[in-house]
Amino acid sequence: MGLPAYVAKRALVAIALVLVVGTLNFAILHLAPGGPETIFLNPRITPAARALILKSFGLDRPIQEQYLLYLEGMVTGNWGLSYFYTESAFNVVASRIPATLLLMLPSLILTVLVGILMGILSVRRPYSFVDRFLSSFAFFFYSMPVFWLGFILLTFFAVTLSVLPAGGMISITTTGFDVVDYLRHLILPMTALTLINLASFSLLVRSSMLEVLDQNYIVTARGKGLSERLVFYRHALRNGLLPTVTMLGLFVGSILSGAILTETVFSWPGLGSLTFDSISRRDYPVVLALFFIFSILTILSNLITDVVYGVLDPRITYD
Amino acid sequence: MTDTSSASRPYPARAATFWRSYSRNRGAVFAFFFLVALVSAAVLANYLFPGDVEAPDMSRIMLPPSFSAVLGTDYLGRDQLTMLVFGARTSLIVAFSAGGLLAVVGTIAGLLAGYFGGKVDGLIMRIADVFLTIPILPLILVIVSLTGPSLLNVMFAIGLTSWPVMARVVRSDSLALMKREFIEIERVMGASSRRIVFKHLLPNQLNSVLVYTSLSIPVVILTEAALEFLGLTPLSVSWGFMLNVAMNYWIRGTWWMSFFPGLAIFATALAFYFVSEGLKEALNPKLKRRRESLVAQIAERKK
Amino acid sequence: MQDLSVRFYLASGVVNAVENLSFNVRKGVGFGIVGESGSGKTVTALTIMGLLARPPGRIDSGKILYNGTNLLTTSQEDMRRLRGKSIAMVYQDPMTSLNPVLRVCFQIAEALMVHEKISQHEAEARAVELMSAVGIPDAEKRAKEYPHQFSGGMRQRIMIAMALATKPDLLIADEPTTALDVITQSQILALLEDLQRKYDMTVILVTHDLGIVAQLCDEALVMYAGHGMELNTVKGIFSHSKHPYTRGLLESTTRVDKEISRLTSIPGNIPDMIDPPTGCRFHPRCPLADNRCARQEPPAFPQVSGGYSKCWRSEPT
């Protein structure tokens, strides 16, 4: 298909997905008891704001128009007004994105690196002690609720040992951005988040590699008299890691969900804790906006991994 | 060749063989008994712990584990062990019902996709793809918070968003079965109604369906616990909610308030996971191949 | 090969893939191993190469003498040196036997780089030459391409080029034409014939198709259910085979020179390898079987030609 065509196709799919998400949002909006009026129009907002919302979402117009207006609002950043913060939901959500990224990205990188390492170690000698140990480790953490792990870490390190800070992203006393302080705060939530995702990711890597090792071209490679090391790293690994790239895209969704819970436990000021707070406060516009942003982030990361995959797999780049 | 297909032998013999291969996995056996104990405790909770679970006893608030309160007491003085056992009810109910729902929806979707193939298959798979690319937890959060925090909503939300994985599996099995000769024979003989084909496609897959349902349950449990943790259910006696409460009090060092409920969630999820592994090995050793084909399916999406 | 026995130890039982197999291949000869699927021929080939999946499979007895050395007792390291260099193999399915993410010229050149320690540049140049030698048009340009860009027949040629890169003494070809259409089949066979003569290689051809054996081989071994049933020159097999199984195979192939009114096949199915029939493995399907065949396994009765026939009917009187 060639790379440009492939990328274009993937981009189109991404856009279509965004539209689907918007539609989903719209549908849920209308499924809610009370409908969009109750959701968007909080009794406490000013009459001027009320009029603005009525108009921009067309709440007094027929449903098709509402739908189009809603989609338009999505694209232009009009996601409703937050009850709690007297700002647009968009602003509220956008301001929290950096904090979440500061937690997610290091966690993602660590998950990938260690996950691949674990997967490789497991597979070099399948069903060996190392393999079974690592796999058990993975199963163990796979079933663990991330917020429980967070609590344990928190209670142990922050309360009992008082070694690490107990929450938040930066200490109140620092001004500006102190990297060391950030890192100290980062350790616990990142560990919790990473351990759990590591579990499933390393299992996926292992599973993919095992499948590759079963393939005929591995026999061919051995038949040429290549050393096991060469066979494994040059032939098996390159093929085995390809599906991993795709899986990463799906994985981001999982990391985001985990972030919601982790941020809440550690009071990390990102999208996740905002979700928790908004739900508690029944700040629906923000909740909807958050879902939207989560979806966009996931769709975007899927797109990126798809493109990367396309570049790496010669079956797509050539012909 | 010896006929080892299970459908041809009488029940007791099948049950015995099943148990024999299932019990090869010691973890699975242990997990099974654990779950049996858990379910019994949940069902008999009222007899085991008479009295009102939710009644506060302010004289005993936040006591660490001791003889009188084996797992400690919570912020309202209630015994945690009792609360855990009652909480098991919610978790188990949601686990089985949402699990059942996603199994049913997923299986139907998979069968339709596999049987009709072509456009129907494409459509169903597109829909499934959407659910796989959108982060499910946020979606469930939105659905439940907007439609009202009731147990029913939770069940539906989880069940209706988790079906794609099941659908994928059933679809690939169905597609494979459709290519086999006996299906061709049925069609040629004029087995017009799909019902007849359902009598062939479905029974052959019951094993896989069972295994994958039990595999999905840990996720259901964790998701439901997360929902409770975030305060989206109306129940105060539930494992996740106990953790929510614990969040306000952990500074005072009340580790038991967060440790035990979390442990319960973890143990139950792990138990279901082990049971599913045991079922997998016992019912169909060939299933190992299919799980790996998930990777192949992902790769196929690229085209 | 002497007395080779290979068994697979599976959870469901023990599969006797190869039992007490013996045969001799002289240098420069085209040797065919014929049998239905499941007869153990591929396992035999893999065992020679040392490529058998060892955990489920086990070599329970036997020797494989190659130029005097017993391959079964050579170390992994030494086997590795032989593989790809002196003994090379062409595999059955060209669609899955090439690594999809590596360029074709690299895959051919790989054996050269490992065994002859030449640079990648040089090795790839030789690879291009090999590609044209096996009949791939426009080799220079196509060398940089990936396997999925070639057709099945082309891929098979690439595999042959890959095997021949190091000018091996022994080439094992496992069903090299099964996955291909008839036209391509004949092209590949012609190619193999040509190459064998040109390089003076010993070729072991594993196949289920007697026609191929007739075309390419001088001697052949007929296998059934893991046993070597008949070993003879190809002429001998086709004109006066003593073994009922071979005769059954011959009769079931279509021939151009005889008029056939009905297609015959050997009645019955290949036996279950976990629980094979007692005595002669073929007796349930053999038209000449008697009680002795069911109870006692026939030894390999040596024949005039130098080969043998494992059947009570071929017992010298």
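In this predicted model, strand β11 (residues 227-233) of chain C is joined to strand β13 (residues 308-309) of chain C by 2 bridges, and the two strands run antiparallel. Within this pair, C:Leu231 stands opposite C:Tyr308 in β13(C).

**The sheet of chain C**

Both strands belong to an open sheet of 8 strands in chain C, with the order β7-β8-β9-β3-β10-β11-β13-β12 and mixed pairing. The edges are taken by β7 (87-90) and β12 (301-302) of chain C; each has a single partner strand, so one side of each is left without a neighbour in the sheet. Strands of a sheet pair through backbone hydrogen bonds, either parallel or antiparallel.

| Strand pair | Sense | Bridges | A facing pair of residues |
|---|---|---|---|
| β7(C) and β8(C) | parallel | 4 bridges | C:Ile87 and C:Leu170 |
| β8(C) and β9(C) | parallel | 5 bridges | C:Leu170 and C:Thr202 |
| β11(C) and β13(C) | antiparallel | 2 bridges | C:Leu231 and C:Tyr308 |

Is β8(C) buried or exposed? In β8(C), 5 of the 5 residues are buried, so this strand is largely enclosed by the rest of the structure. In a regular strand the side chains alternate between the two faces of the sheet. Both faces of β8(C) are covered, with C:Leu170, C:Ile172 and C:Asp174 buried on one side and C:Leu171 and C:Ala173 buried on the other.

Helix α1 (residues 41-49) of chain C lies across five strands of chain C, namely β3 (30-34), β7, β8 (170-174), β9 (202-207) and β10 (219-224). The helix runs at about 150° to β8(C).

Chain B is built from 13 helices and 0 strands. Chain B has 303 residues, of which 42% count as buried. Among the contacts in chain B with a separation of 6 or more, 71% are between residues 24 or more positions apart.

Where chain B touches chain A, 43 residues of chain B are in contact with 48 residues of chain A. On the chain B side, at least two residues come from each of α5 (118-133), α6 (136-147), α10 (194-229), α11 (239-249), α12 (255-283) and α13 (287-301). The largest share, 10 residues, is supplied by α6(B). By class, this side of chain B consists of 33 nonpolar, 8 polar and 2 charged residues.

**Two helices of chain A**

Within chain A, helix α6 (residues 129-142) packs with helix α8 (residues 179-213) at an angle of about 130°, and their axes are 8 Å apart. That angle makes α6(A) oblique to α8(A). The crossing of α6(A) past α8(A) is left-handed.

Which residues of α6(A) meet α8(A)? They are A:Leu134, A:Ala138, A:Phe141 and A:Tyr142. On the α8(A) side, the contact involves A:Leu195, A:Ile196, A:Leu198, A:Ala199, A:Ser200, A:Ser202 and A:Leu203. The residues of this contact between α6(A) and α8(A) comprise 9 nonpolar, 2 polar and no charged.

Key. Residues numbered from 1 in each chain as written. Chains lettered and ligands numbered in written order. Predicted model: local features only at pLDDT ≥ 70, side-chain atom pairs only at ≥ 80, totals over all residues. Axes fitted to C-alpha atoms, helices over the stretch in contact; angles between N-to-C directions. Parallel < 35°, antiparallel > 145°, perpendicular 65-115°, else oblique. Left-handed = near helix turned anticlockwise from the far one by under 90°. Contact = placed C-beta atoms within 7 Å. Nonpolar A, V, L, I, M, F, W, Y, C, P; charged D, E, K, R; others polar. Pairing = 2+ DSSP bridges. Buried ≥ 20, exposed ≤ 12 C-beta atoms within 10 Å, placed from the backbone.
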